[in-house]
Protein chains: 2
Amino acid sequence: MSKLVIVGTVAFDAIETPFGKTDKILGGAATYIGLSAAQFQVNSSIVSIVGGDFPQKHLNLLSNKNIDISGIEIVEDGKTFFWSGKYHNDMNSRDTLVTELNTLADFNPVVPENYKDAEVVMLGNLHPLVQQSVLDQMTTKPKMVILDTMNFWMDCALDDLHNVIKNVDVITINDEEARQLTGEYSLVVAARKIHTMGPKYVVIKKGEHGALLFYNEHAFYAPALPLEEVFDPTGAGDTFAGGFAGYIAKTGDTSFENMKNAVIYGSTLASFCVEKFGTQRMENLSSDEVQKRLMQFKQLTQFEIQLT
Amino acid sequence: MSKLVIVGTVAFDAIETPFGKTDKILGGAATYIGLSAAQFQVNSSIVSIVGGDFPQKHLNLLSNKNIDISGIEIVEDGKTFFWSGKYHNDMNSRDTLVTELNTLADFNPVVPENYKDAEVVMLGNLHPLVQQSVLDQMTTKPKMVILDTMNFWMDCALDDLHNVIKNVDVITINDEEARQLTGEYSLVVAARKIHTMGPKYVVIKKGEHGALLFYNEHAFYAPALPLEEVFDPTGAGDTFAGGFAGYIAKTGDTSFENMKNAVIYGSTLASFCVEKFGTQRMENLSSDEVQKRLMQFKQLTQFEIQLT
């Protein structure tokens with residue numbers, strides 16, 4: 001069993017969808033990644049920062065999932081990062097209503113001593129310099145580094161982003177971001193360009209249309225499960241990344257064949273995340289439910305054509 | 001080996017894409033469907049209408065693919081249906097520049113005598129009354145009727161469309177059209193509503209995002225092959241439908257498991273269609289190439305997670 005370091009936000013979200021709205025609830029990339037990876041009972045540690053306003057019960061929730069929280073700095077006189085957004089009727093686009101960086105503005109990640117030799121590192125969506133700082137603290141070269149990012153950093157910190165991308169094995173990015181990063185419309189050509197930037201594996205997330213895994217000239221496609229309704233898409237991408245990273249940490253197998261499984265696990269876990277507001281569904285998810293849904297993914301994609 | 005009746009347009013297209021433009025070239029739904037189904041060496045017959053301006057060489061092309069053309073009426077003093085369109089840079093949307101119905105305005109389909117007992121009927125995109133007229137001419141109940149349609153008929157002939165949909169086994173429709181037909185955003189809910197309109201099988205085409213097959217509460221997903229470049233999307237949906245119908249006609253097996261294979265064959269053939277302008281690629285496609293690409297579809301989608 002490998003160790004997994006997760007860096008990312010632990011935050012408050014306020015979400016509005018066509019199905020309702022929430023007050024400030026538990027959110028943040030590292031929260032979703034951690035809850036998702038916890039399905040694999042790996043040893044994981046979240047590196048993040050919160051303010052004195054962050055309730056102990058949220059920290060307990062993470063601890064109870066066997067997540068090490070010693071790397072979550074608490075700034076007693078500071079406030080926790082807060083994001084608020086409203087989804088459009090199609091659930092595929094959203095407006096950001098509020099972004100308060102608060103303590104995140106001065107975030108200096110510190111990897112706990114006993115996680116500096118972790119085999120798997122998941123760099124959640126943050127400033128690329130913060131992501132790089134986590135890598136710099138690792139005392140042994142991780143077996144696999146996975147990076148998530150977004151268009152915001154391409155707009156305002158592109159050089160820093162390129163520098164950290166050089167040092168990662170896997171990038172997870174959505175289709176529009178892949179196009180922005182490379183200037184290529186074709187995702188096949190975009191993935192090829194991203195390979196030359198560093199990552200051996202390129203995962204392109206397409207929301208309700210699933211995810212593509214590229215490895216040199218090979219491609220693998222995981223659909224999203226067709227759902228009756230998407231209740232709240234918040235955290236789906238992070239849940240995908242957490243499932244991916246958790247599965248790699250559990251198996252320790254970084255072959256292309258196993259990366260396919262990691263993508264399927266990521267898609268499976270993401271399909272639960274969107275069923276309820278915030279982290280609610282991921283907090284109460286049994287391994288039986290996961291196994292049952294994996295079976296649905298098999299039925300959704302597997303076929304038996306005999307080639308002649 | 002079953003017989004396959006295809007009704008649809010045989011036409012001239014003029015196409016402009018970011019890669020170039022064509023003069024009037026061979027086009028039409030029935031043309032693409034026929035060329036695609038021809039991969040399965042089934043006995044097929046196209047029911048359509050053209051004008052005296054339609055070149056004999058185009059008719060010969062179809063004949064040489066073993067397609068019966070006795071149901072293609074030639075109106076010597078009439079002109080062939082003509083469509084012209086221009087694709088946007090993303091290749092996912094297009095503007096229609098010209099639509100000249102010409103002889104199509106008075107199209108009265110006549111099914112050849114020896115095809116009135118065909119087991120498989122493919123109703124290409126046409127006025128729903130024309131589609132129904134073909135069904136009315138069948139002397140024995142076909143084993144499988146497949147219907148393709150578009151939003152235009154929902155706007156201007158919705159009652160007629162509902163009447164013919166009642167009589168079909170499979171509908172192929174794109175995602176936006178499924179939403180328009182049902183008023184439902186979720187494709188799962190939309191497919192369930194379409195089931196109640198008649199079709200046991202609902203195929204929702206999502207272009208570059210693949211296709212979904214729904215059968216009661218079961219779903220199957222065929223991705224589109226990620227392509228380096230899409231040269232010309234014209235006819236891809238019809239090529240998909242032709243591959244689907246041709247495979248059903250060849251195998252005579254209408255089980256859900258075999259429908260999955262039909263969807264994979266449809267996607268496979270559509271992936272060739274878009275590689276060149278018009279029908280060019282489909283005119284010269286070997287069965288070896290098809291088998292090789294089917295193997296790519298297997299690699300793209302198949303995985304080996306052991307469920308616990």
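Mentor: Two strands pair if DSSP finds at least two bridges between them. Strands are DSSP runs of E of at least two residues, helices are runs of H or I of at least four, and both are numbered from the N terminus. This is a predicted model, where local features need pLDDT of at least 70 and side-chain atom pairs count only at pLDDT 80 or more, while totals for chains, interfaces and linings use all residues. Residues are numbered from 1 along each chain as its sequence is written, and chains are lettered from A and ligands numbered from 1 in the order in which they are written.

Trainee: Which residue of β5(A) is the bridge partner of A:Val7?

Mentor: Strand β1 (residues 3–7) of chain A pairs with β5(A) in the parallel sense, over 5 bridges. In β5(A), the partner of A:Val7 is A:Val47.

Trainee: What is the handedness of the β-α-β unit made by β5(A), α2(A) and β6(A)?

Mentor: Strands β5(A) and β6 (residues 67–68) of chain A run parallel, joined by 2 bridges. A:Ser45 stands opposite A:Asp68 in β6(A). A crossover is right-handed if, with the strands pointing away from the viewer, the path from the first strand over the helix to the second runs clockwise. With helix α2 (residues 56–64) between them, the unit is right-handed.

Trainee: How many of the 9 residues of β5(A) are buried?

Mentor: A residue is buried if 20 or more other C-beta atoms, placed from the backbone, lie within 10 Å of its own, exposed if 12 or fewer, and partly exposed in between. Strand β5 (residues 43–51) of chain A is largely enclosed by the rest of the structure, because the buried count is 7.

Trainee: Is A:Leu161 buried or exposed?

Mentor: A:Leu161 is found in helix α5 (residues 158–165) of chain A. Leaving out residues up to four places away in sequence, A:Leu161 touches A:Pro128, A:Thr149, A:Trp153 and A:Met154. With 23 other C-beta atoms within 10 Å, A:Leu161 is buried.

Trainee: Within what arc do the buried residues of α7(A) fall?

Mentor: In helix α7 (residues 187–197) of chain A, the buried residues are A:Leu187, A:Ala190, A:Ala191 and A:Ile194. The arc is that of the directions from the helix axis to the C-beta atoms. Seen down the axis of α7(A), they line one face of the helix, because they fall within an arc of 100 degrees.

Trainee: Which element gives the most to the side of chain A that touches chain B?

Mentor: Two residues are in contact if their C-beta atoms, placed from the backbone, lie within 7 Å. 32 residues of chain A are in contact with 32 residues of chain B. The elements of chain A that give two or more residues to this side are α7, β15 (218–222), α9 (256–273) and α11 (287–301). With 5 residues, the one that gives the most is α11(A).
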